[in-house]
Amino acid sequence: MILKYRNHLNQLQKELNLPFYLYYWGWDTISNHLEQSESLLHKYFPKFIKKTKSVKPKLELPDGALGKDLLKKNYIDYLKKRYGDWKQIELNKKGEKFNWATFTISLSKRHKASGINFIDVQYFDDLVIYLQGRIDGTIMGKVNISKGIKNYSAFEESTSDLSDLK
């Protein structure tokens, strides 16, 4: 079929005595040229352009940030999860849900940080005492205390388990 078009174009060129060549471009040729021209793609086929999301550069944690000390950060995450899970048990009775984002933001604001990872590691002990108090204050925490059951592992216990792996 393409040969038929080429022959017809050659015949036209000779009959009209054209000083230039005529070419037949099928869809494959046209699409190849379009793919290489971003301006034509934007102009005629804007729906086929992938929209790229601007990627924000990852913020580097400052020295002394909680996020740089993974043992301490993981222990805080463990306490946060324990509190959130136990608080959710209470909220289930009311048909409510625990708001993780609000709780995490309140912890960050408490220590004047832009996020939990940015809290200065010097506040680690204060954060631990605060979270342990919140856990102990839940209904589940109070019941466990009355039965002599621990509500959470101590930081030293959680890190000693890891040192056994070395």
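In this briefing a helix is a DSSP run of H or I that spans at least four residues, and helices are numbered from the N terminus. By that convention, Trp-27 lies in helix 2, which covers residues 27–35. The model described here is predicted. A search of the whole structure finds nine aromatic pairs, and the structure also holds eight salt bridges. The points below treat selected examples, together with some features of the surface and the loops.

**Aromatic pairs in the structure**

- Among the nine aromatic pairs found in the whole structure is that of Tyr-75 and Tyr-78, whose ring centres are 5.7 Å apart with the planes at 40°, so this pair is classed as tilted.
- Both tyrosines belong to helix 4 (residues 70–94), where Tyr-75 and Tyr-78 are three residues apart, or about one turn of the helix.
- Tyr-75 has a relative accessible area of 2% and is therefore buried, whereas Tyr-78, with a value of 27%, is partly exposed.
- Phe-98 and Trp-100 make up an edge-to-face pair, with 4.8 Å from centre to centre and 85° between the planes.
- In this pair Phe-98 counts as buried at 14% relative accessibility, while Trp-100 counts as partly exposed at 35%.
- Tyr-75 and Tyr-78 also belong to one aromatic cluster, together with Phe-124 and Phe-155.

- As background, side chains of opposite charge can pair when their charged atoms come close.
- Lys-81 and Asp-85 form a salt bridge in which the closest N and O atoms are 2.8 Å apart.
- Lys-81 and Asp-85 are four residues apart in helix 4, so about one helical turn separates them.
- Both partners are partly exposed: Lys-81 has a relative accessible area of 48%, and Asp-85 has a relative accessibility of 31%.
- A further salt bridge joins the side chains of Lys-87 and Glu-90, at 3.2 Å from N to O.
- Lys-87 and Glu-90 are three residues apart in helix 4, which means that about one helical turn lies between them.
- Here Lys-87 counts as partly exposed at 25% relative accessibility, but Glu-90 is buried, with a relative accessible area of 15%.

**Arg-110 and its partners**

- The side chain of Arg-110 meets that of Asp-126 in a salt bridge, with 4.0 Å from N to O.
- This pair links distant parts of the chain, 16 residues apart: Arg-110 is in helix 5 (residues 100–110) and Asp-126 is in helix 6 (residues 124–136).
- Arg-110 is partly exposed, with a relative accessible area of 40%, and Asp-126 is likewise partly exposed, with a value of 35%.
- The charged end of Arg-110 also sits over the ring of Tyr-130, at 3.8 Å from the ring centre.

**A network of charged residues**

- Glu-60, Asp-63 and Lys-68 are linked to one another in a network of salt bridges.

- Gln-13 is part of helix 1, which covers residues 2–16.
- With a relative accessibility of 14%, Gln-13 counts as buried.
- When residues up to four places away in sequence are left out, Gln-13 touches Leu-18, Phe-20, Tyr-21 and Leu-22.

**A nonpolar patch on the surface**

- Tyr-21, Tyr-23, Trp-25, Trp-27 and Ile-30 form a nonpolar patch on the surface, and together they have about 680 Å² of accessible area.
- One of these residues, Trp-27, has a relative accessible area of 55% and is therefore exposed, since the cut-off for this class is over 50%.

**Loop residues with a positive phi**

- Asn-17 is not a glycine, yet it has a positive phi of about 50°.
- Asn-17 is placed in the loop between helix 1 and helix 2, and at 66% relative accessibility it counts as exposed.
- Lys-112, also not a glycine, has a positive phi of about 50°.
- Lys-112 is found in the loop between helix 5 and helix 6, and at 79% relative accessibility it counts as exposed.

Definitions and conventions:
Residues numbered from 1 in each chain as written. Predicted model: local features only at pLDDT ≥ 70, side-chain atom pairs only at ≥ 80, totals over all residues. Heavy atoms only, no water. Phe/Tyr/Trp six-rings, centres within 6.5 Å; stacked < 30°, edge-to-face > 60°. Helix = DSSP H or I, 4+ residues; strand = E, 2+ residues; numbered from the N terminus. Buried < 20%, exposed > 50% of the residue type's maximum accessible area, 1.4 Å probe, protein only. Lys NZ or Arg CZ within 6 Å of the ring centre and 35° of its normal. Contact = heavy atoms within 4.5 Å. Patch = residues over 30% accessible without salt bridge, like charges linked within 9 Å, V, L, I, M, F, W, Y side chains within 5 Å. Areas by Shrake-Rupley, 256 points an atom, 1.4 Å probe, with all protein chains shown as cover.
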